[in-house]
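Let's take a look at the pockets of a protein chain, and then at one of its residues. Have the 3D view open as you read.

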Amino acid sequence: MTTSQQALTKIPAVTAIFWLIKIAATTLGETGGDAVTMSMNLGYLTGTLIFAVIFLFAVTVQIKSTRFNPFIYWFTVIATTTVGTTLADFADRSLGIGYFGGSIILSTLLATSLFFWWALCGTVAVQSVNNRRTEIFYWITIMFSQTLGTALGDWTADSAGLGYAGGIVLFAAALIILVGCYLFTHWSRTAIFWTAFILTRPLGAVVGDFLDKPLAQGGLELSRYSASLALVLFIIAAVVLLPQRSARPLPEAA
């Protein structure tokens with residue numbers, strides 16, 4: 001592997017720490033997005049525009065950076081999950097598409113992104129993200145997955161009638177099953193990763209809603225601001241105290 005390829009490997013290795021921070025980041029996306037659109041009364045469209053600008057800034061910095069920086073990486077992930085929250089809410093509620101309709105549209109967009117990534121690059125494995133093209137596909141795919149997760153989480157908790165606690169149990173159980181598949185089967189590691197990545201977003205969505213929604217709706221009615229601040233501090237502490245290394249590139253890139 002060349003020095004330039006090492007420099008372009010700017011995403012973290014997939015470890016237990018990665019998933020811990022990912023779930024916290026997706027939960028923050030829900031509470032942070034709701035804080036802006038609901039608590040500040042700015043609305044879904046304005047909130048989406050604000051977070052879209054933040055996302056474009058973050059992903060530009062991430063792509064232009066020359067080496068893995070966990071703070072830049074996780075800031076970009078948080079940016080995708082906050083804009084994903086407000087965008088999904090805008091489509092589902094303001095445009096009247098509904099949770100199920102939004103989930104179908106976003107599932108199609110996500111599948112399309114993965115297909116073109118695979119067709120043009122030969123693989124969608126995260127270890128292949130060591131050049132500009134794959135990095136762009138990586139962040140587009142994450143963007144769609146984060147937006148889908150919001151719609152899917154809301155559909156499960158509200159339309160499907162499981163409630164926030166039921167949604168948490170459902171998505172946590174699905175992730176546990178994936179852990180079992182990873183440990184005890186020879187299933188595609190890439191397929192397991194993207195399935196888990198997608199499912200952690202609706203888990204974060206229902207956890208975030210559980211924290212800040214009214215007691216009458218099955219939530220804990222915590223302040224969106226305090227919940228978001230606690231999650232920010234947790235993520236910062238995790239990044240500082242729990243070391244992460246960049247993902248190793250695929251052998252073909254060596």
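## What counts as a pocket

On a 1 Å grid over the protein atoms alone, a pocket is an open set of points with protein on both sides within 12 Å along at least five of seven lines, and its lining residues have an atom within 4 Å of a point. Keep in mind that this is a predicted model.

## The largest pocket

Start with the largest pocket, which holds about 640 Å³ of space. Its lining takes 26 residues, and Val14, Thr15, Trp19, Tyr182 and Phe193 sit nearest the centre. Two or more lining residues come from each of H2, helix H7 (163-184) and helix H8 (189-212). H8 has the largest share, with 6 residues.

What is the lining made of, by class? You'll find 19 nonpolar, 4 polar and 3 charged residues there.

## The second largest pocket

Next up is the second largest pocket, with about 340 Å³ of space. Here 15 residues form the lining, and Leu28, Phe75, Ile78, Ala79 and Val232 lie nearest the centre. H2, helix H3 (43-64), helix H4 (70-94) and helix H9 (224-241) each give two or more residues, and H4 gives the most, with 6 residues. This lining has 13 nonpolar and 2 polar residues, but no charged ones.

## A look at Glu30

Now find Glu30 in helix H2 (residues 16-39). Is Glu30 buried or exposed? Glu30 counts as buried because its relative accessibility is 1%, and buried means under 20%.

The side chain of Glu30 makes a polar contact of 3.2 Å with that of Arg201.

Definitions and conventions: Residues numbered from 1 in each chain as written. Predicted model: local features only at pLDDT ≥ 70, side-chain atom pairs only at ≥ 80, totals over all residues. Heavy atoms only, no water. Helix = DSSP H or I, 4+ residues; strand = E, 2+ residues; numbered from the N terminus. Buried < 20%, exposed > 50% of the residue type's maximum accessible area, 1.4 Å probe, protein only. Polar contact = N/O pair within 3.5 Å; in protein donor to acceptor, adjacent residues only side chain to side chain. 1 Å grid on protein atoms, 1.4 Å probe; cavity = no way out; pocket = protein on both sides within 12 Å on 5 of 7 lines; lining within 4 Å. Points joined across faces, edges and corners; volume = space filled by probe spheres on them. Nonpolar A, V, L, I, M, F, W, Y, C, P; charged D, E, K, R; others polar.
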